[in-house]
Amino acid sequence: MDFVESCKAMLDGMASAIKDINPNSLSLIRIVILQQPVYQAFRSELESRCLQDVQSCFNLKGDRKGPMKKILEMYLGISMTQSTEHQTGILPYSEPGCVASTLALELPAHWEPMKGEDFKKVELQPDSPEYQEVAVGFCKANNYNIHKIERIQNLYLWHAFTICRYRILSKNGEEELGEKFLYHGTSVASCNSIERDRFDRSYAGKHATLYGKGVYFAVDANYSANTYSLPDTSGLKRLYVARVLTGRYTVGNPSMKTLPRRGTEATDCFDSLVNNLENPSIFVIFHDDQAYPEYLITFS
């Protein structure tokens, strides 16, 4: 069986299995393809099937390559023009009635090339604009000395965060997505777990539960640095600059283990909790994929 036929059989098998299982929802199917020829054949077949879905969904007829190309790019989340300048990771995504649909998630343009790795930690140069931007935000209200700033590049965490972003965006709209850069102080012992796995709300209660039993982030770097950044044996402290999706929020309290409903529907819940509704300085999230550890600042 050649590559093309193998990929067709793979997609047919997935479609059949999903139809048989008939799940209430399906957000992720992870496929690892190691050989480039197989990947190219798989992508070609997938795009062909999605093109049929797009034509059906948008009722487009005739030879309209320009509009069709743009719609397909939006539908798949990828550029139809191959380029070596962009790196993408493929995560299939299920649309109702479109089993073969995929969402190809493009990695941030400022990341170092992953080169097949799923995790990379990159120390920023102090004279780079990226370093300066992070440092300025951190040093606004404190006199700490920064030892280094590292960018966290975790393929799977980024994909999970991006899918969560799409979910909140589709639910709330752009105006209530609430994507912010917030601070999270921690100890050196927790860094590997956060960077390799996630911000883990199962640790809620170890340090604070004043506004709910979730993961806490602060608007003010000084608050996190002073309160939750614990020094190691050499006196160095650590703090994350996290990209957090705050969405729609309400004031929390110590008894809250989950997010409260916004209305009468069980599925319509707030996305985060805060300390003050009018001018929040602390945000609490309950879904681990709702925050991505963008940078680690080591300071004293």
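Mentor: We will take the ring pairs in turn. Keep in mind that this is a predicted model.

Trainee: How many aromatic pairs does the structure hold?

Mentor: The structure holds 12.

Trainee: Why is the pair of Phe138 and Tyr144 called stacked?

Mentor: Two values decide. The ring centres are 6.1 Å apart, and a pair needs centres within 6.5 Å. The planes stand at 25 degrees, and stacked means under 30 degrees. So Phe138 and Tyr144 form a stacked pair. Both residues are buried.

Trainee: What makes the pair of Tyr249 and Phe283 edge-to-face?

Mentor: Their planes are at 85 degrees. The cut-off is over 60. With centres 5.4 Å apart, the rings pair, so the label is edge-to-face.

Trainee: Which parts of the chain does the pair of Tyr249 and Phe283 tie together?

Mentor: Tyr249 lies in strand β8 and Phe283 in strand β10, so the pair ties together parts 34 residues apart in sequence.

Trainee: Why does Tyr249 count as partly exposed?

Mentor: Tyr249 has 25% relative accessibility. Buried means under 20%, and exposed means over 50%. Tyr249 falls in between, so it is partly exposed. Phe283 has 2%, so it is buried.

Trainee: What makes Arg262 a charge over the ring of Phe270?

Mentor: The charged end of Arg262 is 5.9 Å from the ring centre. The distance limit is 6 Å, and the angle limit is 35 degrees from the ring normal. Arg262 is listed as sitting over the ring of Phe270.

Trainee: Which residues do ring pairs link into a cluster?

Mentor: Trp111, Trp158, Phe161 and Tyr292.

Note on methods:
Residues are numbered from 1 along each chain as its sequence is written. This is a predicted model: local features need pLDDT of at least 70, side-chain atom pairs count only at pLDDT 80 or more; totals for chains, interfaces and linings use all residues. Side-chain values use heavy atoms; hydrogens and water are left out. Rings of Phe, Tyr and Trp (its six-membered ring) pair if their centres lie within 6.5 Å; planes under 30 degrees apart count as stacked, over 60 as edge-to-face and the rest as tilted. Buried means under 20% relative accessible area, exposed over 50%, partly exposed in between (1.4 Å probe, protein chains only). Helices (H or I, at least four residues) and strands (E, at least two) are DSSP runs, numbered from the N terminus.
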